[in-house]
Amino acid sequence: MTRGISRYTKWIATGALAACVAAAAPAAAATAPAVSCTSAKAGLADKLKRDITSALANRSGTVAVGLYDRTTKTTCTLRSSTAYDSASVVKVTVLATLLWDAKKHNRYLTSTETTLAKAMITKSDNDATSKLWRQLGLTKIKGFLTAAGMTQTKPGANGYWGLTQITVTDEQKLLKLVTAKNTVLSDNSRAYILKLMGQVISSQRWGTPYGAGSGIAWHVKNGWLQRSTHGWRVHSVGTFTGGGHDYMITVLTHGNSTMNYGITTIQGVSKVIHRDLAAS
């Protein structure tokens, strides 16, 4: 993300974002929101709520969490509608938009598109993302967001895809589309997205997969970005199958002093989720 970060930093230095960032900053709440969980499995919701809360008890920054397990009909949320700069997590949306648009036009991806898509997801390549973002344009990206019901996601302006505003609610909607049959993404498209998310380079396999058992298949996309306000944004979205479960996790954070601090926060939450589901 180094090039992307310097690009954003340069942009911010112009002051072009100052007013809108200030206006978009969430007001500080008098009382921190609580983790909320529901489940069809007796005792699981209470255990997850307690353990996620405990994992975040001594962590600074602002953290949003989403969990959904189809098998036990379990959902956990924290700050589900709080907006975060997307950083590279938006790359899954870019790929989904590309595939959705190709399906609409009854065509396969070109060799150039597949090369760019693979670099974008598996290596988090920023140049590849910028090329696909420009190719698609805001009209198609917004069209996909509408089709996907991702009403809280606001694409970044002027080509700055890393400043797209995302929420846990919408990221979980996207992961649900990627992991189950639907009318928005074809089965082949879903399989392709998961394939690439399962092939991320080793140095980017941190985050939501942390603590998953050896028998769990994972698919992940992470994002990280430092800005002058709210410090480091560090995010991770992942889908997981195995051990009798089919679940997805989104953790979005900002206000981190370093990238590693954010990673540690995400992994602390993910570890207890994997553990509690494995034991259920």
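Which residues does Arg-190 touch, not counting residues up to four places away in sequence? Arg-190 touches Leu-177, Val-178, Thr-179, Ala-180, Lys-181, Asn-182 and Leu-185. Before going on: this is a predicted model.

So where does Arg-190 sit? Arg-190 is in helix 8. Its relative accessible area is 13%. The cut-off for buried is under 20%, so Arg-190 counts as buried. The Arg-190 side chain reaches the backbone oxygen of Ala-180, at 3.4 Å.

Stay with one of those partners, Leu-185. Leaving out residues up to four places away in sequence, Leu-185 touches Ala-96, Trp-100, Lys-103, Phe-144, Leu-177, Val-178, Arg-190 and Ile-193. Leu-177 and Val-178 are on the contact list of Arg-190 as well.

Leu-185 takes us to the core. The largest nonpolar core has 45 residues. Which of them touch the most other members? Leu-95, Met-120, Phe-144, Leu-174, Leu-185, Tyr-192 and Ile-193. In soluble globular proteins, nonpolar side chains tend to be buried together.

Now the elements behind this core. Those giving two or more residues include five helices you can follow on the screen: helix 4 (90–104), helix 5 (111–122), helix 6 (126–148), helix 7 (168–179) and helix 8 (187–197). Strand 2 (62–69) and strand 8 (245–256) are on that list too. Helix 4 gives the most, nine residues. There is also a second, separate core. It has 27 residues, including Leu-48, Val-269, Val-272 and Ile-273.

Next, the cysteines. How many disulfides does a search of the whole structure find? One. Cys-37 and Cys-76 form it, with their sulfur atoms 2.1 Å apart. The link is right-handed, with 115 degrees about the S-S bond. It joins distant parts of the chain. Cys-37 is in strand 1 (residues 36–38), Cys-76 is in strand 3 (residues 74–78), and they are 39 residues apart. Buried or exposed, these two cysteines? Both Cys-37 and Cys-76 are buried.

On to charge. Side chains of opposite charge can pair when their charged atoms come close. The count here is eleven salt bridges.

Start with Asp-85 and Arg-227. Their side chains meet in a salt bridge, 2.5 Å from N to O. This pair also links distant parts of the chain, 142 residues apart. Asp-85 is in strand 4 (residues 84–85). Arg-227 is in the loop between strand 6 (217–226) and strand 7 (232–242). Both residues are buried.

Then back to the neighbourhood of Arg-190. Lys-181, one of the residues that Arg-190 touches, forms a salt bridge with Asp-187. The closest N and O atoms are 2.6 Å apart. Lys-181 has 66% relative accessibility, so it counts as exposed. Asp-187, at 35%, counts as partly exposed.

Last pair: Arg-275 and Asp-276. Their side chains meet in a salt bridge at 3.6 Å, N to O. Arg-275 is partly exposed, with a relative accessible area of 44%. Asp-276 is at 2% relative accessibility, so it counts as buried. Lys-47, Asp-51, Arg-275 and Asp-276 are linked by salt bridges.

To recap the opening: Arg-190 is buried in helix 8, and Leu-185 is among its contacts. That is my tour.

Note on methods:
Residues numbered from 1 in each chain as written. Predicted model: local features only at pLDDT ≥ 70, side-chain atom pairs only at ≥ 80, totals over all residues. Heavy atoms only, no water. Core = buried A, V, L, I, M, F, W, Y, C linked by side-chain atoms within 4.5 Å. Buried < 20%, exposed > 50% of the residue type's maximum accessible area, 1.4 Å probe, protein only. Helix = DSSP H or I, 4+ residues; strand = E, 2+ residues; numbered from the N terminus. Contact = heavy atoms within 4.5 Å. Polar contact = N/O pair within 3.5 Å; in protein donor to acceptor, adjacent residues only side chain to side chain. Disulfide = S-S within 2.5 Å. Salt bridge = Lys/Arg side-chain N within 4 Å of Asp/Glu carboxyl O.
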